[in-house]
Amino acid sequence: MENSLQGKHFSITDPQNVSTVIYQVNKTEKEYLSFAPKFTIERLEYTEEMVGEKKKKTFYVNEPDPDGSKLVILSFAKEKVVINNGVLDENKITISKKPMPFKFKTLYSEQEMEYKEFTYTPNLKRPITIIDPETTEEIKPILYMDEKTNEVKGKCKLKPYKSYFAFEIRENNDKEVEIVGGNPVIEN
(Lines give C-alpha, C1' and ligand atoms only; values in the text may rest on other atoms or scores of the structure.)
Protein backbone atom coordinates (compact mmCIF):
# COMPACT_ATOMS: atom_id res chain seq x y z
CA MET A 1 0.00 0.00 0.00
CA GLU A 2 1.36 3.38 -0.95
CA ASN A 3 1.46 6.22 1.59
CA SER A 4 0.18 9.52 0.28
CA LEU A 5 -0.27 12.96 1.78
CA GLN A 6 -3.75 14.33 2.27
CA GLY A 7 -4.15 18.03 1.61
CA LYS A 8 -4.68 20.77 -0.91
CA HIS A 9 -2.54 23.14 -2.90
CA PHE A 10 -2.88 26.38 -4.83
CA SER A 11 -0.54 28.70 -6.73
CA ILE A 12 0.15 32.42 -6.86
CA THR A 13 2.58 34.43 -8.97
CA ASP A 14 4.78 37.10 -7.38
CA PRO A 15 5.77 40.15 -9.42
CA GLN A 16 9.46 41.14 -9.46
CA ASN A 17 10.77 42.35 -6.08
CA VAL A 18 7.79 40.90 -4.17
CA SER A 19 7.88 37.78 -2.03
CA THR A 20 4.69 36.24 -0.64
CA VAL A 21 4.41 33.96 2.37
CA ILE A 22 1.17 32.41 3.62
CA TYR A 23 0.09 31.22 7.06
CA GLN A 24 -2.84 29.00 7.99
CA VAL A 25 -4.73 30.12 11.11
CA ASN A 26 -5.63 27.19 13.34
CA LYS A 27 -8.04 27.05 16.29
CA THR A 28 -6.52 25.44 19.35
CA GLU A 29 -8.16 22.18 20.39
CA LYS A 30 -10.76 22.59 23.17
CA GLU A 31 -8.83 20.52 25.70
CA TYR A 32 -5.91 23.01 25.55
CA LEU A 33 -7.87 26.30 25.54
CA SER A 34 -7.63 26.90 29.29
CA PHE A 35 -3.82 27.23 29.12
CA ALA A 36 -2.96 27.93 25.47
CA PRO A 37 -3.61 30.68 22.91
CA LYS A 38 -6.99 30.44 21.14
CA PHE A 39 -5.41 30.65 17.67
CA THR A 40 -2.05 29.60 16.30
CA ILE A 41 -0.39 30.08 12.94
CA GLU A 42 1.36 27.63 10.69
CA ARG A 43 3.49 28.76 7.77
CA LEU A 44 2.58 26.93 4.56
CA GLU A 45 5.35 25.14 2.72
CA TYR A 46 5.73 25.93 -0.96
CA THR A 47 7.62 25.13 -4.11
CA GLU A 48 8.80 27.83 -6.47
CA GLU A 49 9.46 28.05 -10.20
CA MET A 50 10.39 30.94 -12.48
CA VAL A 51 7.88 31.94 -15.12
CA GLY A 52 9.57 34.60 -17.20
CA GLU A 53 10.53 37.41 -14.80
CA LYS A 54 8.02 36.29 -12.15
CA LYS A 55 8.05 33.58 -9.46
CA LYS A 56 5.18 31.09 -9.37
CA LYS A 57 4.73 29.63 -5.88
CA THR A 58 2.61 26.58 -5.14
CA PHE A 59 1.50 26.46 -1.48
CA TYR A 60 0.49 23.26 0.31
CA VAL A 61 -2.14 22.95 3.06
CA ASN A 62 -1.47 19.58 4.70
CA GLU A 63 -4.41 19.55 7.10
CA PRO A 64 -7.19 21.71 5.67
CA ASP A 65 -10.00 22.62 8.05
CA PRO A 66 -13.25 20.94 6.86
CA ASP A 67 -15.06 24.24 7.60
CA GLY A 68 -12.57 26.24 5.54
CA SER A 69 -8.96 27.09 6.30
CA LYS A 70 -8.37 30.76 7.16
CA LEU A 71 -5.22 32.13 5.54
CA VAL A 72 -3.03 35.18 6.19
CA ILE A 73 -1.23 36.25 3.00
CA LEU A 74 1.80 38.51 3.45
CA SER A 75 3.41 40.03 0.35
CA PHE A 76 6.72 41.70 1.15
CA ALA A 77 8.09 44.46 -1.07
CA LYS A 78 10.69 47.11 -0.39
CA GLU A 79 9.81 48.74 2.97
CA LYS A 80 6.17 47.64 2.96
CA VAL A 81 4.02 44.58 3.32
CA VAL A 82 0.54 43.97 1.93
CA ILE A 83 -1.61 41.84 4.21
CA ASN A 84 -4.53 39.91 2.79
CA ASN A 85 -7.01 37.37 4.14
CA GLY A 86 -8.20 34.26 2.39
CA VAL A 87 -10.22 31.11 2.97
CA LEU A 88 -9.49 27.74 1.41
CA ASP A 89 -12.80 25.86 1.01
CA GLU A 90 -13.30 22.50 -0.63
CA ASN A 91 -11.60 23.11 -4.00
CA LYS A 92 -11.41 26.90 -4.18
CA ILE A 93 -9.60 29.75 -2.48
CA THR A 94 -11.35 33.04 -1.80
CA ILE A 95 -9.14 36.08 -1.20
CA SER A 96 -10.49 39.39 0.08
CA LYS A 97 -10.93 41.95 -2.69
CA LYS A 98 -9.23 44.75 -0.78
CA PRO A 99 -5.79 43.92 0.55
CA MET A 100 -4.69 45.88 3.58
CA PRO A 101 -1.56 47.89 2.77
CA PHE A 102 0.25 47.99 6.07
CA LYS A 103 3.26 50.23 6.55
CA PHE A 104 4.75 48.22 9.35
CA LYS A 105 6.63 49.33 12.41
CA THR A 106 9.75 47.30 12.54
CA LEU A 107 11.63 45.77 15.42
CA TYR A 108 15.01 47.46 15.33
CA SER A 109 17.86 47.94 17.77
CA GLU A 110 21.51 48.84 17.65
CA GLN A 111 22.23 46.07 20.17
CA GLU A 112 21.62 42.36 20.02
CA MET A 113 18.42 41.63 21.92
CA GLU A 114 15.93 38.91 22.71
CA TYR A 115 12.28 39.03 21.82
CA LYS A 116 10.24 37.09 24.38
CA GLU A 117 7.47 35.17 22.69
CA PHE A 118 4.09 34.11 23.91
CA THR A 119 3.13 30.73 25.30
CA TYR A 120 3.10 27.72 22.99
CA THR A 121 0.42 25.05 22.75
CA PRO A 122 1.37 21.50 23.85
CA ASN A 123 2.07 20.61 20.20
CA LEU A 124 4.46 23.61 20.02
CA LYS A 125 2.34 25.93 17.88
CA ARG A 126 2.26 29.67 18.56
CA PRO A 127 0.07 32.71 17.76
CA ILE A 128 2.95 35.04 16.85
CA THR A 129 5.89 35.10 14.46
CA ILE A 130 8.84 37.34 13.61
CA ILE A 131 9.93 37.58 9.97
CA ASP A 132 13.03 39.00 8.32
CA PRO A 133 11.40 41.21 5.63
CA GLU A 134 14.46 41.00 3.34
CA THR A 135 14.49 37.20 3.12
CA THR A 136 10.88 36.53 4.32
CA GLU A 137 12.30 33.78 6.54
CA GLU A 138 10.98 33.29 10.07
CA ILE A 139 13.27 33.91 12.98
CA LYS A 140 13.28 30.56 14.74
CA PRO A 141 12.81 30.79 18.51
CA ILE A 142 14.86 29.01 21.13
CA LEU A 143 12.35 27.07 23.22
CA TYR A 144 12.56 26.86 26.99
CA MET A 145 10.42 25.71 29.90
CA ASP A 146 9.21 28.56 32.10
CA GLU A 147 9.63 27.04 35.57
CA LYS A 148 7.27 29.59 37.21
CA THR A 149 4.31 28.89 34.92
CA ASN A 150 5.28 25.37 33.78
CA GLU A 151 4.74 26.42 30.15
CA VAL A 152 6.82 26.09 27.00
CA LYS A 153 7.89 29.54 25.77
CA GLY A 154 10.34 30.82 23.22
CA LYS A 155 12.83 33.64 22.70
CA CYS A 156 14.15 34.94 19.40
CA LYS A 157 17.60 36.48 19.09
CA LEU A 158 17.45 39.62 16.96
CA LYS A 159 20.57 40.97 15.30
CA PRO A 160 21.63 44.60 15.73
CA TYR A 161 21.09 47.13 12.92
CA LYS A 162 18.44 44.92 11.31
CA SER A 163 14.67 45.38 10.94
CA TYR A 164 12.10 42.64 11.58
CA PHE A 165 8.34 42.27 11.02
CA ALA A 166 6.19 40.69 13.76
CA PHE A 167 2.52 39.77 13.70
CA GLU A 168 0.09 37.98 15.95
CA ILE A 169 -3.33 36.38 15.49
CA ARG A 170 -5.97 37.31 18.10
CA GLU A 171 -9.71 37.22 18.51
CA ASN A 172 -11.36 40.66 18.39
CA ASN A 173 -14.53 41.81 20.17
CA ASP A 174 -16.74 40.42 17.39
CA LYS A 175 -15.18 36.95 17.87
CA GLU A 176 -13.44 37.34 14.51
CA VAL A 177 -9.80 36.54 13.84
CA GLU A 178 -7.63 39.64 13.44
CA ILE A 179 -4.01 40.26 12.55
CA VAL A 180 -2.10 42.45 14.98
CA GLY A 181 1.24 44.04 14.27
CA GLY A 182 2.59 46.26 16.94
CA ASN A 183 4.94 46.90 19.74
CA PRO A 184 6.33 43.58 20.86
CA VAL A 185 7.75 42.65 24.22
CA ILE A 186 11.52 43.09 24.01
CA GLU A 187 14.09 42.09 26.58
CA ASN A 188 17.68 43.36 26.44
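The charged end of K162 sits over the ring of Y164, 5.9 Å from its centre; for that label, NZ of Lys or CZ of Arg has to be within 6 Å of the ring centre and within 35 degrees of the ring normal. This is a predicted model, where local features need pLDDT of at least 70 and side-chain atom pairs count only at pLDDT 80 or more, while totals for chains, interfaces and linings use all residues. Residues are numbered from 1 along each chain as its sequence is written, and side-chain values use heavy atoms, leaving out hydrogens and water.

K162 and Y164 also turn up around D132, which touches E137, I139, K162 and Y164 if you skip residues up to four places away in sequence (contact means heavy atoms within 4.5 Å). D132 is in the loop between β11 (128-131) and β12. Strands here are DSSP runs of E, at least two residues, numbered from the N terminus. With 8% relative accessibility, D132 counts as buried; the cut-offs are under 20% for buried, over 50% for exposed and partly exposed in between, using a 1.4 Å probe and protein chains only.

L143 sits opposite G154 in β13. Four residues lie between the strands of this hairpin, and N150 takes a positive phi near 60°.

Now for the other sheet of interest. It's an open one of three strands, paired antiparallel in the order β1-β5-β4. β1 (8-14) and β4 (45-51) are at the edges with a single partner strand each, so one side of each has no neighbour in the sheet. β4 and β5 (residues 54-61) are joined by seven bridges, and Y46 has F59 as its bridge partner in β5.

The whole structure has three aromatic pairs, counting Phe, Tyr and Trp rings (six-membered ring for Trp) with centres within 6.5 Å; planes under 30 degrees apart are stacked, over 60 edge-to-face and the rest tilted. Two of them look like this:

| Pair | Centre distance | Plane angle | Class |
|---|---|---|---|
| F10 and F59 | 5.8 Å | 25° | stacked |
| Y46 and F59 | 5.3 Å | 45° | tilted |

F10 in β1 and F59 in β5 are 49 residues apart in sequence, so their pair ties those parts together. F10, Y46 and F59 form one aromatic cluster. F59 is buried at 0% relative accessible area, whereas Y46 is partly exposed at 28%. Y46 also has the charged end of K57 over its ring, 4.8 Å from the centre.

How values were computed
Pairing = 2+ DSSP bridges.
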